[in-house]
Amino acid sequence: MSHYAMVIDTRLCIGCGDCVVACKSENRTPTGLNRDWVVEQTRGRYPDLTTEFRSERCNHCSHATCVLCCPTGASHHWQGSNIVLVDADRCTGCKACIAACPYDARYITPEGYIDKCTFCHHRVAKGLDPACVATCPTHCMHFGDLDQASSRVAELLGKRDYKTLLSGTGNRPNVYYLT
Amino acid sequence: MKRRDFIKLPGLAALGVAGGGLLSGCQSRPLPGSGEVTVTPTVCEICFWKCAGWVHAENGEPWKITGNAEDLHSGGRLCTRGSGGLGAYADRDRLRQPMLRVEEKGRQRFKPVSWEEALSFIAERMEQIGERHGRDRLALLSHGSGGGQFKRLLNAFGSHIFAQPSYAQCRGPRQVAFALTYGEDVGSPDRTDMANARCIALIGSHIGENLHNGQVQTLSEAIARDATLITVDPRFSVAAGKSRYWLPIGPGTDIALLLAWMHVLINEDLYDHRFVEQHTLGFEQLREHVQSFNPEWAWLETGLEPERIRATAHELGRHAPASLVHPGRHTTWYGDDTQRERAIAIVNALLGNWGQQGGFYRPEKVELPAYPAPKPAKPASDWKAAIQADHPLAPKGISHKVIEACIGDQAQVKGLFVYATNLPMTIPGIADKLNRAADDLELMVVVDTLPMEVTGYADVILPECSYLERHDDLRNSPEREPSLALRQPAFEPLHQSKPAWWMAKQLAERLGLGEYFPWQDYTEVLDWQLQQVGSSLEEMERIGVKTFPRKTGLYFSADDPPSFRTASGKVELYSQLLADYGYDPLPRYTPPQQPGEGYYRMLYGRAPAHTFGRTTNNPVLFELMPENHLWLHPITAADHGLKSGDYARMKNRVGVRGNPIRVRVTERVSPRDLFLAHGFGHKAGGLRLTDGVGGDDGEMMDNIKIDPITGSTGMRATFVTLEKA
């Protein structure tokens, strides 16, 4: 069993949206619907300012409320890992998972099923990074298995300060932001 | 390759943007890449950086473009725009067939015609101009890979008038200032060794919002290694947010800061004595010149506290030579831009970073022989003397001067070719002149992929295929390591579009100039050139990028000292050449014109999602950023009763009112300035996604500050008021 995590260095992220475009091409998401997005947060008053950019997506929670609430079992953890997938054949489009997701990471496709970030599990299965990570021109995104102590993601979380989003939900999210 | 299957598919224009609809019910789509995948090498044309990558098609349908891992320009990672490159192919508004103006000039009444008709028309008009006025009376304005083909055509015909807006509207001051100081330009890609720098100062350069790929990557590397980043910008740019020092300078006062930095570096003895003594000329004059420009003086001009000016000068000096002031790229701001760039060049010389690790490296390109073909004869006349004599030091054609030279009965230019550059949104305040030029020209040809504003002025429109459907010259840019990259067609050209090499050759043959284009297919040229350097087209089709060993060191050393192609053979801190032509031999600070009561200074820049107006109709990039926003400080917004999401219009001092543009209220801009990304507010009429969307900074520019040295257009003295839209 693998514990996949994405670690994103907000010190380096420039909010360019390459992750969004790369995801869109790789996964052919429908026009107007995206599996990832960029948030800009500026604090302070001119000229005492800080800006944080965050590339956001499904957090592939270890304790995923979307999986727990799915009445058909369409939302599931992939191969016993924490990667959350939706099996379109079993999805009825009831949207319970959309209500249950704290991150607003899911959408309904024109075909009627729910879709979301897959951590590019089709690439992960081939030993590749997700498309967003592979294209990021600032190298601010990292992907790997937290259970492997030697992985870059484990190393980064070991030595840098980090945060997760909405950590109080108990969902145990797996997208980490280095601060 | 699967190209041929591809053209047969109906509704191709929607590919890559609307994958849905092909499937029904709640059945999942197959996983990406599970079909038959083919890859074709490409060189991106979404911006001039020209990263090398791979075009992926799955089951014959366009899928994605990724970077080539061997490519130094991209490090295997394309930027936002490059990743969205398929949108340039899929754009449903592309020019589809040649078109000929059939009504009077100025109206967009074009009749679709055959290639034969369009090319014959152009050839006849060219001959006519040659007979009536002389064969040296055609001009080319160009930006992009295929421009060289038309340049060759016009040169063979006997005309040499040539300009790129990337000179007079962008990098001109930097190019001239570095050539004056070091005897050579910074070049492209910029030779900044940021990955190894310990301290980097950006003067108004918003790397991160401009996504020049290698620049973004090396700056990011520097930040990751905790290099000291100093960003000088009135706006809290993305780079400012990554900086240890953000200096929110008063707009247009950069030279004052640079002079104060020189003052501190010299007076506190922080400059590189060895470099200055061995390699520079005019240090004593410089020392004397900067004595009165201490940080306290600069404070009054720039609004920056003296301690911050000193601290940042100390940082620059402490890390030298692994320390640099970035020359920037778009440098046409206030009209004294060559002087500002000279000041940047001089601070760098004091840091002794030329050819040093962490400063400026020595770029090297491949010595690639030209395909054996007759050389066009030398120009019969001195066209620069005829059209831009007032800027004798300008090494390149000045685009707006070329347009001015199209106006009037006695005009120097009688026929104009415009290749892939949308003049009305590129050159500030050019609309009226372009109208007059179009009236007087006997021939105007526009070559482009999309119906832009400039196509409306043409007599003939030639539809070029996108970069994903054509061969172009090999990319051979100076880099850390010499390398070649191949652009190969990934798909058959859509509609009736054609590559530039084909158009130029066809025209040449109709003009009896076929001998200058002695190839049936451009692959012959590419293969021959590659064979000369031990490669082949076959090899490049497999690998896309080939890197060659360097012949010189990446940096200079005691055994391998630098030489400078200036008149003195030294780095000219004091420029005798400038003095001889009546310009300031040492950078002089001129206080900028201020907006005045009720006006704001309009600042503009790039957004990472777009290459200005060339990509705003790209369906993939349009989705990411459909419109630009007008950034207002909260005080400005409150004064005008505006909030984020409202629409406003800018109005300049001569009464021009802009398009409605959506307001973004943010602390990231000062209360005295406004900011917007350039490239929006298209009015061409044929761009269905982007027409009429967003604001165009260019049309607001009424107070252009011409740089006397380069002839370039300073665009940051535009003052506007606001109206609710």
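Modeller: A helix here is a DSSP run of H or I with at least four residues, numbered from the N terminus. The model is predicted.

Biologist: Which residue just after helix 1 of chain A takes a positive phi?
Modeller: Helix 1 of chain A covers residues 18-27. The phi in question is about 50°, and the residue that takes it just after helix 1 is R28(A).

Biologist: Is helix 1 of chain A mostly covered or mostly open, and how many of its residues are buried?
Modeller: Buried means under 20% relative accessible area. Helix 1 of chain A is mostly covered, and its buried residues number 10 of 10.

Biologist: How many residues of chain B are in contact with chain A?
Modeller: Contact is set at heavy atoms within 4.5 Å. On one side are 50 residues of chain A, and on the other, in chain B, the number is 48.

Biologist: What area do chain A and chain B bury between them?
Modeller: Carbon and sulfur atoms hold 51% of the buried area. In chain A, R28(A), Y46(A) and E111(A) lose the most area to chain B, together 20% of what that side buries. The area buried between the two chains is about 4000 Å².

Biologist: How far apart are the closest N and O atoms of E40(A) and R664(B)?
Modeller: The rule finds seven salt bridges across the interface of chain A and chain B. A pair qualifies within 4 Å. E40(A) and R664(B) form a salt bridge, with the closest N and O atoms apart by 2.6 Å.

Biologist: Which helix of chain A gives the most to the side that touches chain B?
Modeller: Between the two chains, 24 residue pairs are in polar contact. Several elements of chain A supply at least two residues each to the side that touches chain B, including strand 2 (37-45), strand 3 (48-56) and helix 4 (121-124). With eight residues, the element that gives the most is helix 1.

Biologist: What span does helix 13 of chain B reach from its first C-alpha to its last?
Modeller: Helix 13 runs over residues 306-319, which is 14 residues. At 1.5 Å a residue the expected span is 20 Å, and the helix is close to that, reaching 20 Å.

Biologist: Why does E315(B) count as buried?
Modeller: E315(B) is found in helix 13 of chain B. Its contacts beyond four places in sequence are C199(B), T228(B), I230(B), Y245(B) and S323(B). The cut-off for buried is under 20%. E315(B) counts as buried because its relative accessibility is 8%.

Terms used:
Residues are numbered from 1 along each chain as its sequence is written. Chains are lettered from A and ligands numbered from 1 in the order in which they are written. This is a predicted model: local features need pLDDT of at least 70, side-chain atom pairs count only at pLDDT 80 or more; totals for chains, interfaces and linings use all residues. Side-chain values use heavy atoms; hydrogens and water are left out. Buried area is the accessible area (1.4 Å probe) that two parts lose on being put together, summed over both. A salt bridge is a side-chain nitrogen of Lys or Arg within 4 Å of a carboxyl oxygen of Asp or Glu. A polar contact is a pair of N or O atoms within 3.5 Å; within protein, one must be able to donate a hydrogen and the other to accept it, and residues adjacent in sequence count only if both atoms are side-chain atoms. The expected span of a helix is 1.5 Å times one less than its number of residues. Buried means under 20% relative accessible area, exposed over 50%, partly exposed in between (1.4 Å probe, protein chains only).
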